[in-house]
Amino acid sequence: MSSVLDDVVDPEALAPKRLGALFWICVGWLALNVLGAIFANVLPLVNPLYQNYNAINAGPSLHHWLGTDDLGRDILSRIVYGSRVSITVGIGAMVIGFGIGLPLGMLAAFRRGRLDSLLTAFMYVFLAFPAIIAVIAVLSFWTPRSLFKIIVVIGLASVPLVYRVIRTATLAVAARDFVTAAKVQGATDRRILVKELLPNIAPIAVSFLLIGVATVVTLEGVLAFLGLSVNPPTPSWGNMINESRTVMAQNPWLVLFPSLALCLFLLCLNFIGDRLRTYFDVTEVKL
Amino acid sequence: MSTQLLVVDDLHTTFRTAAGLVAAVGGVSFDLATNETVGIVGESGSGKTVLARTIMGLQPRSNVEVRGSVLLDGHQVVGASEREMRERWATDVSMVFQDPMTSLNPVMRIGRQIDETLRVRLGMDKRAARARAIELLAMVGMPSAEHRYRAYPTQLSGGMRQRVVIATALACSPKLLIADEPTTGLDVTIQAQILNLLDDLKEQLHMSVILITHDLGVVATRTSRIIVMYAGRIVEMGATRDVFFRHRMPYTRALLESSPKVSNPSHTRLRVIPGRPPNLSTLTSGCAFAPRCSSASERCHQERPSLEPAEEPGHVFACWHPLAATELHEAPR
């Protein structure tokens, strides 16, 4: 081992790369949100629909940590239950977006030719059209609204975006010699796609996935604000903000807390995505 | 036929581009015997790499036209589908790429990259493939191969990576190995090591090698024959000795003169070939080298010379005004 040290760059000798404390704080916050959404039923929370007539538009107190809204409902409870909608839509839509956009983008970049031209032209037509308008239009006609329909519509709307990012990332990798090398070693196309290309675009895909979730959560907020998301009284961060608009002057807490929840959630997602991208950005220069 | 592993006959590779047709390979014919090493030299853009890829059957199907014939071990490569070629790659013909930095998958352990081909092509099981991969790594001179089996490419130096690339290319004992500038990305001392390694392995495994380079020093001692290419055509071909000492084509001399020699006094200015390699989409009917050639005449600009035999057996050249045959040219080193 020692005799060959001159030939080998010891990985430990490289400056250790760290993700940083802020990264882990963000991960922790997201984990807290997700766990809260999953276990909302078993947490010691008031029913989010229960109206306490003795505490209407109350500020934060020991009994209602984040206060109550104009109908006397507990805000903390509604934020935790509301995160279910936001997180489900965020993850569900991205599963659809990546489920369709990732294989298509990889295939187009790998095969090139007519398939690539057709798919790319098709996707770019959709990209040129403002997604929010399309989503609003479809959701207005596809009634009655349900969480499932919202997820499907937003998921499909995100396909062109995912496709474009994945296609570009794959193009850069597919042009490199190791792909040709794998090919002349007898690897089939499927093998090249799964074993050679996918691991190499994974860092970009993961960071884009996180930022995509953040975008979708925002979009759900926008839809809810326009009254196009889940029907009241089911809480979601977006419709909580929307409902609090009318009583903002009397009870500013009501708009502050759900906005803060949404804001922190998005901030963490973006930060993690960004941090991961730089972390995995291995360049030969660093050797 | 029986002794010739590779017969290339009037091979044309033409790209359809926005700027018109580009004849990257324009009528190349040569053959290669079993266990022979042939060097292909020429400037950048002379069609060496396209020729190599065409012989491999690696051209994209769209926007490229391949005509002529490439018989590899009796099988036609031109027009073969990728599925057909997949049966031949790795076992019949394999390739070492230019840059070891990009020809290894950065996120796969090097051992697995060798394993893959053994398992896919030879149907070995996991354990046998692993043992064979370690054997191959040891064969290409990888120190503590067993340990290194689990290394990632970034943990190895350039020379070590190129050894891994060679091990991968040789995994299925190909009959023909095409090494496309295998030492370009490496420093000079490592270059010699890698070339000697290729030479040893050739003898050990009884394979034929096509060594592509722009560096005549690389091919001087390791090839039996040299093919000089210019603008997609062969301009001179012959035994290594003849090409070095009895070349007839002015381009070959220009190439030889532009390599540095140890015998030169310090601070000797390196001779360069004036002008640039021609644009392949605007080739005229004349000799492609004529615009840069000092002995070019009117005829050179009008008519393209064909390959004519020289006195020595197997030595051919394409020139209207060949250098004198009796002249024993200066040794390159």
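User: Which residue forms a salt bridge with Glu243(A)?

Analyst: General idea to start: side chains of opposite charge can pair when their charged atoms come close. Here Glu243(A) pairs with Arg73(A), and their closest N and O atoms are 3.5 Å apart. The rule for a salt bridge is a side-chain nitrogen of Lys or Arg within 4 Å of a carboxyl oxygen of Asp or Glu. Keep in mind that this is a predicted model, where local features need pLDDT of at least 70, side-chain atom pairs count only at pLDDT 80 or more, and totals for chains, interfaces and linings use all residues. Residues are numbered from 1 along each chain as its sequence is written, chains are lettered from A and ligands numbered from 1 in the order in which they are written, and side-chain values use heavy atoms, with hydrogens and water left out.

User: Where do Glu243(A) and Arg73(A) lie?

Analyst: Glu243(A) is in helix α8 (residues 237–244) of chain A and Arg73(A) is in the loop between α1 (21–38) and α2, so the pair ties together parts that are 170 residues apart in sequence. Over all chains, the salt bridges come to 25.

User: How many helices and strands are there in chain A?

Analyst: Elements are DSSP runs numbered from the N terminus: helices are H or I with at least four residues, strands are E with at least two. Chain A has 9 helices and 0 strands. Its C-alpha atoms fill a box of roughly 75 × 55 × 30 Å along the principal axes.

User: On to the interface. How much area do chain B and chain A bury between them?

Analyst: The size of an interface is often given as the accessible area lost when the parts come together. Buried area is that loss, with a 1.4 Å probe, summed over both parts. For chain B and chain A the figure is about 2,700 Å², 55% of it on carbon and sulfur atoms. Counting contact as heavy atoms within 4.5 Å, 35 residues of chain B and 25 residues of chain A take part.

User: How many salt bridges are there between chain B and chain A?

Analyst: The count is 5. One salt bridge joins the side chains of Glu82(B) and Lys183(A), at 3.4 Å from N to O. On the chain B side, α1 (48–56), α2 (82–88), α3 (110–122), α5 (145–148) and α6 (158–170) each give two or more residues. The most comes from α3(B), with 5 residues.

User: Which residues are closest to the centre of the second largest pocket?

Analyst: That pocket has about 820 Å³ of space. Of its 25 lining residues, Phe110(A), Arg111(A), Arg112(A), Lys183(A) and Pro60(B) are closest to the centre. The largest share of the lining, 4 residues, comes from α6(A).

Conventions. On a 1 Å grid over the protein atoms alone, a cavity is a set of points where a 1.4 Å probe fits but cannot get out, and a pocket is an open set with protein on both sides within 12 Å along at least five of seven lines; lining residues have an atom within 4 Å of a point. Grid points are joined across faces, edges and corners, and a volume is the space filled by probe spheres set on the points. Buried area is the accessible area (1.4 Å probe) that two parts lose on being put together, summed over both.
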